[in-house]
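Subject: Structure handover

Hello,

Here is the structure for you to look through. My notes follow below it.

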Amino acid sequence: MGSTRARLLGVALLLFSTAAAAIHIDGYEGLYGFGGGLYEFGDSQRDSDDGVGLSLGVGMPFLDRRNEALELSFHGLERDRSSGGSNDKQRALFANWVRDLGLTDLPLDARPFVLVGAGAVQEDVGGDDHVHFGVDGGLGALFPLLNWGWAVRAEAIAQAQLNDQSVPDEDYLLDFQLRLGVQIPFSHEASGPPAAAPAAECPTRVVDPVTGRADCISDSDHDGVADGQDECPSTPGGVAVDVRGCTTSGAVDSDGDGVLDAVDACPGSPVGMVVDATGCLVEQTVTLRSVNFETSSAKLMSDSRTALDEIARTLKNQPNLKVEIVGHTDDVGNDGYNLLLSQQRAESVRQFLIGKGIAPERMVSIGMGETQPVEGNDTPEGQVANRRVEFKVSVQ
């Protein structure tokens, strides 16, 4: 029993160190009353059953600490004796210090609190009436009930008393009580709302260009529209945007690379290739699905020339780029034939670009045949995926 008391004391001390708010439902203050029923799990040393009874009390918040209150409470209960005929009774008067824990956003808008105190306990055991010093402590919660500050009040309390008369050879008794009732404020005048905390300094201040309003919000692309409302979060600096953070109709991106023409240092980038913030190609490997050849031939099909024209323009705009052109085939046919065909196709692309004015030393062609499939060759779709030309772009 001694270890149980030590644990209860440790929990109480921990809870009393937390932040708190008020001993009322929000908006009410001043004197209040409470009462309800209780059920006692009595000390097992007694020769009686558990007890039932009623409790009543009043409370007054401290004037200088609205999160704390002083409560006076009385309870009376009765226990059936296992022998002897008459029932045992207990009456007690306690003074308690109560502290609201200040926890919010709990189920049923619960307002938890802790209490601890001391008082006098009168025991009537087998017709022998005597009074003893007692202490108590416990946890409780208020649950809003009506619109006048009323609340359901639930408590779990441990009560100890220095008592060597109720039970032979015992110096103290420890009882546990569950209480359920109602708490009512005696004044229906609501208190004013708590003062707003001073605004914290903003690590980043963004000023609305239209209203002039300054907020503690971030604006990653510096377009004047906060990240939370910016539907186009990567707008280049200096470009006009609308209220959504997107470019206005006068700002265009002709090559569709995500960089507006006004700041695109490398216009005409091929669709699907990765560019940096200035619109220029970075190192990458790209599969040119739009570059195709006639069956079992290295002759470019007519629609492939349009895609290669875009590649040629990009290489002219970025003379610091070099390209490794790699041809691949599926596994249909002879391995040696496939290797030769892939080399011829890669070289065919290289010759086309040389014809467009790209220096030969900036390009090299390689054939890999069927040795590097990207999908299985057991389906027509897989074979199509494996018949490809790759561009490995490097920046010098």
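A residue is called buried when its relative accessible area is under 20%, exposed when that value is over 50%, and partly exposed in between. By that rule Glu390 and Arg388 are both buried. Their side chains meet in a salt bridge, with N to O at 3.1 Å. Please keep in mind that this is a predicted model.

Salt bridges

Side chains of opposite charge can pair when their charged atoms come close. How many salt bridges does the structure hold? The count is 16.

One of them is formed by the side chains of Glu40 and Arg79, at 2.6 Å from N to O. Glu40 belongs to strand β1 (residues 32-41) and Arg79 to strand β3, so this pair links distant parts of the chain, 39 residues apart. Both Glu40 and Arg79 are buried.

Another salt bridge is the one between Arg99 and Glu68, whose closest N and O atoms are 2.6 Å apart. Arg99 sits in strand β4 and Glu68 in strand β3, so the pair ties together parts that are 31 residues apart in sequence. Why is Arg99 counted as buried? Arg99 is buried because its relative accessible area is 12%, which is under the 20% cut-off. Glu68 also counts as buried, because its relative accessibility is 4%.

Some salt bridges share partners, and in this way Glu40, Arg46, Arg79, Glu123 and Asp175 are joined into one network.

A negative patch

Which residues gather in a patch of negative charge on the surface? They are Asp49, Asp50, Glu78 and Asp80. Two strands, β2 (48-62) and β3 (65-81), each supply at least two residues of this patch. Glu78 is found in strand β3. Glu78 counts as partly exposed because its relative accessibility is 34%, a value between the 20% and 50% cut-offs.

Strand pairing and hairpins

β5 pairs with strand β6 (residues 128-144) in the antiparallel sense, over 15 bridges. Within this pairing, the bridge partner of Asp124 is Asp129 in β6. The hairpin of β5 and β6 has two residues between the strands, and Gly126 there takes a positive phi near 60 degrees.

β6 and β7 also run antiparallel, and eleven bridges join them. Gly140 stands opposite Glu155 in β7. In the hairpin of β6 and β7 there are six residues between the strands, and Gly149 takes a positive phi near 85 degrees.

Most residues other than glycine have a negative phi.

Asp105 has a phi near 60 degrees, which is positive in a residue other than glycine. Where is Asp105 found? Asp105 is in the loop between β4 (88-100) and β5 (111-125). Asp105 is exposed because its relative accessible area is 80%, over the 50% cut-off.

Asp169 has a positive phi as well, near 65 degrees, and is a residue other than glycine. The place of Asp169 is the loop between β7 (151-162) and β8 (172-185). Is Asp169 buried or exposed? Asp169 is exposed, because its relative accessible area is 79%.

Regards

Technical notes: Residues numbered from 1 in each chain as written. Predicted model: local features only at pLDDT ≥ 70, side-chain atom pairs only at ≥ 80, totals over all residues. Heavy atoms only, no water. Helix = DSSP H or I, 4+ residues; strand = E, 2+ residues; numbered from the N terminus. Buried < 20%, exposed > 50% of the residue type's maximum accessible area, 1.4 Å probe, protein only. Patch = residues over 30% accessible without salt bridge, like charges linked within 9 Å, V, L, I, M, F, W, Y side chains within 5 Å. Areas by Shrake-Rupley, 256 points an atom, 1.4 Å probe, with all protein chains shown as cover. Salt bridge = Lys/Arg side-chain N within 4 Å of Asp/Glu carboxyl O. Lys, Arg positive; Asp, Glu negative; His and termini not counted. Charge placed at Lys NZ, Arg CZ, Asp CG, Glu CD. Pairing = 2+ DSSP bridges.
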